[in-house]
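Morning, everyone. I have one structure to walk you through, so let's bring it up.

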Amino acid sequence: MNSQPTISACSPLENARQQVSLDMSRRSAPPARSGFTLIELLVVIAIIAMLAALLLPAVQMAREAGRRSQCINNLKQITLAMHNYEGSFRTFPSGYISHPIEPVEETPLTERPVFDTVINKVRTQSTFPTWVLPDDWGWPSFILPQMDQGTISIDFKKGKFNMTDFAFTPNEAYVKTQIPSYVCPSAQSLPGTRPENWAYATYRGSMGAYDTNNSGPVNAPTNPNGMLYRNSAVRTADVSDGQSNTILVGDSLYGFWADGFSCCVRVWEDSTHPDLWDTYWAYQVQTVNGPLITLRFFSFGSAHGDLCNFSLVDGSVKSVSKRIDPSIFKAISTRNGALKSMSPTMENVVDTW
């Protein structure tokens with residue numbers, strides 16, 4: 001008996017119902033997403049900006065700590081070179097030696113520096129249009145062999161520039177040689193364009209604390225009493241205040257290693273010299289058979305915020321607060337108790353300064 005297979009088929013009405021159900025399920029399902037919405041992106045960007053704002057000061061502090069550490073290493077290297085010089089010549093180098101061979105001129109600065117300075121006790125920004133590079137040589141030039149700069153062979157019998165017959169002098173090329181150990185890495189404001197390509201130096205020696213225009217106390221010292229000054233020849237035995245309490249070299253803001261006037265700082269304040277930190281003074285000088293020029297001298301200062309690094313005669317390096325008592329700062333700038341005539345306690349510097 002043959003059986004026929006049963007063929008089941010949905011009615012047209014049933015097919016219509018299934019199609020309607022399928023369409024409704026498709027409409028109710030959420031659409032597929034291909035990315036973030038604008039609001040989500042803005043929220044993410046805001047969170048990243050907040051995290052960056054929180055982390056940036058920490059990153060800057062870490063970078064500054066590294067630069068300050070490198071600055072301390074520079075000062076240690078300079079002080080070691082000073083002691084090697086003293087070991088060879090039985091005296092520390094002169095702060096600077098007057099050597100007037102050529103006329104002095106003002107050089108325009110094509111890129112003017114801008115400094116955060118203190119003028120008359122007010123913090124402000126300063127700039128100047130020219131700089132004078134005198135023919136004097138300072139201590140950075142004298143210790144070049146001890147700084148492992150043997151390729152710089154300055155002829156101190158000749159000038160820096162030959163301004164008479166314009167013949168080439170090797171000194172002119174040497175003053176353009178950059179010496180990284182002479183520049184504090186935190187000195188970020190130094191222009192990239194250097195006048196005549198002269199090489200920078202931002203460290204200065206201590207001339208001491210003394211009065212030059214009789215504007216201070218009547219019994220104030222009037223002669224240099226630090227470690228480095230004009231034609232100085234200070235020996236270790238001349239440091240009677242203690243080598244660990246006497247400044248040798250410290251941070252400053254601007255200068256050139258071949259500039260004798262960039263060598264040193266006189267730590268003093270008076271009516272014409274009211275500030276001790278982060279400042280400079282301008283003096284107009286009439287040259288012999290020449291024009292009126294403006295000389296600028298910088299104080300101790302730094303881009304380390306409230307701190308300034310100093311090397312002491314014993315070879316140690318300290319970070320000194322710019323809020324230090326002025327009397328103590330003057331005292332550690334001298335080597336021989338020069339301020340005791342002003343006050344019996346002026347030179348009694350304790351270990352906690």
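First, the ground rules. This is a predicted model, where local features need pLDDT of at least 70, side-chain atom pairs count only at pLDDT 80 or more, and totals for chains, interfaces and linings use all residues. Residues are numbered from 1 along each chain as its sequence is written, and side-chain values use heavy atoms, with hydrogens and water left out.

Now the cores. A nonpolar core is a set of buried Ala, Val, Leu, Ile, Met, Phe, Trp, Tyr and Cys residues joined through side-chain atoms within 4.5 Å. Buried means under 20% relative accessible area, exposed over 50%, partly exposed in between, with a 1.4 Å probe and protein chains only. The largest core has 58 residues. Trp-139, Tyr-254 and Trp-257 touch the most other members. Helix H2 (38–89) and strand S7 (203–208) are among the elements supplying at least two residues each. H2 gives the most, with 6. Helices (H or I, at least four residues) and strands (E, at least two) are DSSP runs, numbered from the N terminus. Another core lies apart, with 16 residues, including Phe-300 and Val-320.

Next, the hairpin. Strands S12 (307–312) and S13 (317–321) run antiparallel, joined by 5 bridges. Pairing takes at least two bridges found by DSSP. Leu-307 has Ser-321 as its bridge partner. Between the strands sit 4 residues. Gly-315, in the turn, has a positive phi of about 100°.

Last, the loops. Lys-121 sits between S3 and S4. Its phi is positive, near 70°. Buried or exposed, Lys-121? Exposed, because its relative accessibility is 61%. Asp-148 lies in the loop between H3 and H4. Its phi is near 60°, also positive.
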